[in-house]
Amino acid sequence: LGGCSATGNGEQLMQVALAKTVIELLGAGLSADEAAQSAIDTLDERVGGQGGCIVVDRQGRVGWAHNSPQMACAFRTVEMAAPEVHTRRRT
């Protein structure tokens, strides 16, 4: 279904099985961005945790989300001329 890498307070990420939650959301039909944001919302709502994740679905589409003040994120797909690099989510 895809892959997920997560960062943040490990204990809180484990309490909500953040990466597993993202993959289940991909399986339910959410986009990579939607799955990432929904999982981060769950992290905040259930355990008050802060963290972030970057997600790649099986078609190679990238999504990411975080609720921490900053999260470095970079990715590049075969269609991109240069990588995208961010220190926080665009609002």
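View 1. At 0% relative accessibility, Gly-63 counts as buried, where buried means under 20% relative accessible area, exposed over 50% and partly exposed in between, computed with a 1.4 Å probe on protein chains only. The residue belongs to strand β3, which covers residues 62–66; helices (H or I, at least four residues) and strands (E, at least two) are DSSP runs, numbered from the N terminus. Not counting residues up to four places away in sequence, Gly-63 touches Ala-32, Asp-33, Ala-36, Cys-53, Ile-54 and Val-55, a contact being heavy atoms within 4.5 Å. The model shown here is predicted, so local features need pLDDT of at least 70 and side-chain atom pairs count only at pLDDT 80 or more, whereas totals for chains, interfaces and linings use all residues. Residues are numbered from 1 along each chain as its sequence is written, and side-chain values use heavy atoms, with hydrogens and water left out.

**View 2. Ala-36 in helix α3.** Ala-36 is found in helix α3 and, at 0% relative accessibility, counts as buried. Leaving aside neighbours within four places in sequence, Ala-36 is in contact with Cys-53, Val-55, Gly-63, Trp-64 and Ala-65. Ala-36 and Ala-6, which are 30 residues apart in sequence, are 9.7 Å apart from C-alpha to C-alpha.

**View 3. Thr-42 in helix α3.** Thr-42 is found in helix α3, residues 32–47, and is buried, with a relative accessible area of 14%. When residues up to four places away in sequence are not counted, Thr-42 touches Val-16 and Val-47.

**View 4. Ser-5 in strand β1.** Ser-5 has its place in strand β1, residues 2–8, and is partly exposed, with a relative accessible area of 46%. Apart from neighbours within four places in sequence, Ser-5 is in contact with Gly-52, Cys-53 and Ile-54. The C-alpha atoms of Ser-5 and Val-22 are separated by 9.7 Å, and these residues are 17 apart along the chain.

**View 5. The salt bridge between Lys-20 and Glu-24.** The side chains of Lys-20 and Glu-24 meet in a salt bridge at 2.3 Å, N to O, the term standing for a side-chain nitrogen of Lys or Arg within 4 Å of a carboxyl oxygen of Asp or Glu. Because the two residues are 4 apart in helix α2 (residues 18–27), Lys-20 and Glu-24 are separated by about one helical turn. Glu-24, at 45% relative accessibility, counts as partly exposed. A search of the whole structure finds 2 salt bridges.

**View 6. The salt bridge between Arg-61 and Asp-57, with Thr-77.** The side chains of Arg-61 and Asp-57 meet in a salt bridge at 2.6 Å, N to O, and Asp-57 is buried, with a relative accessible area of 8%. Thr-77, which lies in the loop between β4 (73–75) and β5 (84–86), has its C-alpha atom 8.1 Å from that of Arg-61, and the two residues are 16 apart along the chain. Not counting residues up to four places away in sequence, Thr-77 touches Gly-60 and Val-62.

**View 7. Ala-17 in the loop between α1 and α2.** Ala-17 is found in the loop between α1 (10–15) and α2, and at 31% relative accessibility it counts as partly exposed. Its phi is positive, at about 45°, although Ala-17 is not a glycine. Most residues other than glycine have a negative phi.

**View 8. The whole protein chain, as context for the close-ups.** The secondary structure of the protein chain comes to 3 helices and 5 strands, following the pattern β-α-α-α-β-β-β-β along the sequence. The radius of gyration is 12 Å, close to the 12 Å that the globule rule gives for 91 residues, so the chain is as compact as a globular protein of that length; the radius is taken over C-alpha atoms, and the rule is 2.2 Å times the number of residues to the power 0.38. Buried residues make up 34% of the 91 residues. Among contacts between residues at least 6 apart in sequence, 42% join residues at least 24 apart.
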